[in-house]
Amino acid sequence: MKIAIIGGGLAGLTAAAYLSDSPDTEGIVFERSPQLGGRAFTYEKSGFTLNYGAHAVYGIDRHTLQFMEQELGLKFQSKQVDKRKVMYAKHGSLTPAPLDFVNIMKTDVLTAMEKVRFVAEIAAVIANIHQLKHYPTLGDYLNRSHASSDVKELWEHLVSSNFFITPEDARKVTGEAIAEYYHNLFLSQKPVNYILGSWATITNQLVEKIDCNERWNIAVKEPVESITKVNGKFILNTKTREALEFDEVIFAMPVQQVAKLLESTPWSSNMEPYKNNTSTEVLVYDIGFSKVVARPFHYISDMDNKLFISDVSATDHTVVPEGGQLLQGIAYLNDDFADEELRKQYLENKTQQMEVLFDTYYPDWREHTAVKRVSKKAMVSSVKNIHSNKLLPNRVQDVPFLFCGDGCTGKGELAERAFSSGRAVAQMLLKEKVRIKALIH
């Protein structure tokens with residue numbers, strides 16, 4: 001079975017690692033950019049390891065990475081963010097984030113009665129009996145809920161934080177998606193972890209796994225430009241090669257790019273329901289200090305301005321030179337603007353709000369900045385998980401390809417959906433191969 005995988009991000013590399021493990025497969029991973037990993041791309045600058053956007057792993061003990069560790073023989077270590085040092089800032093005051101029972105009792109964002117109600121809501125989510133899962137969206141649930149405005153705001157804020165979207169968009173996330181996500185997270189013993197050494201620890205091992213099979217190749221800087229089907233085979237043309245023949249094709253790229261590539265093919269109309277999906281974008285502000293400027297907490301979420309700062313190096317010591325400190329600020333972004341000038345002003349304002357937060361908790365930070373990087377439109381997820389968007393299934397009716405990535409159906413959010421969907425499509429093809437073999441014999 002000769003397989004083409006279009007896209008060398010987490011999903012494409014995961015699918016290729018599983019498939020290349022089988023001696024009866026051969027294939028090529030096509031990646032249009034110079035590096036692999038997609039949005040999990042990691043690079044070093046002045047001794048600091050910078051990730052393209054957020055890279056925390058949620059619920060690692062219940063995560064697809066656990067299966068990959070066993071099945072692919074991956075080796076990595078992770079460290080949990082200290083829950084007692086996760087803070088919320090609201091109206092100028094700091095309080096522990098209500099992440100578990102201990103913090104809920106300590107937090108000031110809820111009154112005593114509200115705490116009782118919120119604990120009951122969490123218990124219902126854990127038991128999988130919360131009514132939220134029956135509502136079309138969080139907004140529908142909150143509109144009918146008799147909870148106080150503080151409890152409603154907390155729900156919006158939690159969903160914002162975990163889905164990386166504004167509170168307005170949080171209200172558009174389906175009740176089913178939220179209930180499923182928090183059922184998994186609240187049962188986890190390790191809610192927020194960092195992979196020590198960043199995503200490169202995982203992506204490098206996936207690449208090594210693929211390279212071990214001499215019948216598999218990885219082609220960087222080689223975008224696929226067209227695809228046709230002739231006599232049961234798929235013919236691909238890339239930027240540098242023509243008429244490459246494959247038995248199967250896996251798309252491991254954002255659905256918007258898939259729709260573009262299939263525009264003038266017989267399968268174009270099948271992509272219609274997915275081609276206008278909107279993506280999740282954030283502003284990312286990374287700063288590395290030559291020394292530890294201050295460490296008042298490991299994570300702070302500004303509830304008023306909808307942004308947060310993670311002290312990445314407080315959890316993962318491998319990302320900084322000795323004695324250094326690495327902060328990552330992220331702002332949730334609206335994407336509804338009348339013109340480009342308004343968007344520009346909005347992004348400028350968000351950057352200033354972030355710097356004010358740095359000024360407040362990390363005084364004199366400018367004097368000790370060794371590296372700084374601001375990405376004003378970093379894509380977190382190729383499909384924002386709101387009710388008006390539609391996740392792409394791994395198989396689409398009447399379309400002869402397979403699909404994986406964070407914009408496809410799969411377990412979890414963000415990177416986990418990329419891993420789980422990449423693993424799922426590989427397993428589908430391997431099962432198909434076994435079935436065909438059985439028929440032949």
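**Entry 1: α1 against α2**

I looked up the helix pair α1 and α2, and their axes come within 11 Å and cross at roughly 30°. That makes α1 roughly parallel to α2 (angles under 35 degrees count as roughly parallel, over 145 as roughly antiparallel, 65 to 115 as roughly perpendicular and the rest as oblique). Axes here are lines fitted to C-alpha atoms, for helices over the stretch in contact, with angles running from 0 to 180 degrees between N-to-C directions. I noted the crossing of α1 and α2 as left-handed, meaning that the near helix is turned anticlockwise from the far one by less than a right angle (clockwise would be right-handed).

On the α1 side I found T14, A17 and Y18, and on the α2 side F67, M68, E71 and L72. Contact means heavy atoms within 4.5 Å. Sorted by class, the contact of α1 with α2 has five nonpolar residues, one polar and one charged. For the classes, Ala, Val, Leu, Ile, Met, Phe, Trp, Tyr, Cys and Pro count as nonpolar, Asp, Glu, Lys and Arg as charged, and the others, Gly among them, as polar.

Ground rules, before I forget: this is a predicted model, so local features need pLDDT of at least 70 and side-chain atom pairs count only at pLDDT 80 or more, while totals for chains, interfaces and linings use all residues. Residues are numbered from 1 along each chain as its sequence is written, and side-chain values use heavy atoms, with hydrogens and water left out.

**Entry 2: T14**

I went back to T14, which is found in helix α1 (residues 10-20). Helices (H or I, at least four residues) and strands (E, at least two) are DSSP runs, numbered from the N terminus. Is T14 buried or exposed? T14 counts as buried, at 0% relative accessibility. The cut-offs I'm using are under 20% relative accessible area for buried, over 50% for exposed, and partly exposed in between (1.4 Å probe, protein chains only). Leaving out residues up to four places away in sequence, T14 touches M68, L206, F419, G422 and R423.

**Entry 3: α2 against α14**

Next I checked α2 (residues 64-72) with α14 (residues 415-440), whose axes come within 9 Å and cross at roughly 50°. That makes α2 oblique to α14. The crossing of α2 past α14 is left-handed.

Which residues meet here? From α2 I listed T64, L65, F67, M68 and E71, and they meet E416, F419, S420, R423 and Q427 of α14. I get four nonpolar, three polar and three charged residues in the contact of α2 with α14.

**Entry 4: salt bridges**

I ran a search of the whole structure, and it finds 23 salt bridges (a side-chain nitrogen of Lys or Arg within 4 Å of a carboxyl oxygen of Asp or Glu).

E153 pairs with K90, the closest N and O atoms being 2.7 Å apart. This pair links distant parts of the chain, with E153 in helix α6 (residues 149-163) and K90 in strand β7 (residues 86-90), 63 residues apart. E153 is partly exposed at 23% relative accessible area, whereas K90 counts as buried at 14%.

D169 forms a salt bridge with K384, the closest N and O atoms being 2.8 Å apart. D169 lies in helix α7 (residues 167-170) and K384 in the loop between β19 (369-381) and β20 (402-403), so the pair ties together parts that are 215 residues apart in sequence. Both D169 and K384 are buried. I also see a network of salt bridges linking D169, K172, D335 and K384.

D311 and R295 meet through their side chains in a salt bridge (2.8 Å, N to O). D311 sits in strand β17 (residues 307-311) and R295 in the loop between β15 (280-289) and β16 (299-302), so this pair ties together parts 16 residues apart in sequence. D311 is buried at 1% relative accessible area, but R295 is partly exposed at 37%.

**Entry 5: positive phi**

Most residues other than glycine have a negative phi, and I flagged two exceptions.

S46 is not a glycine, yet has a positive phi of about 50°. I placed S46 in the loop between β3 (42-45) and β4 (48-51), and S46 counts as exposed at 55% relative accessibility.

K306 is not a glycine either, and has a positive phi of about 60°. K306 is found in the loop between β16 and β17 and is partly exposed, with a relative accessible area of 24%.
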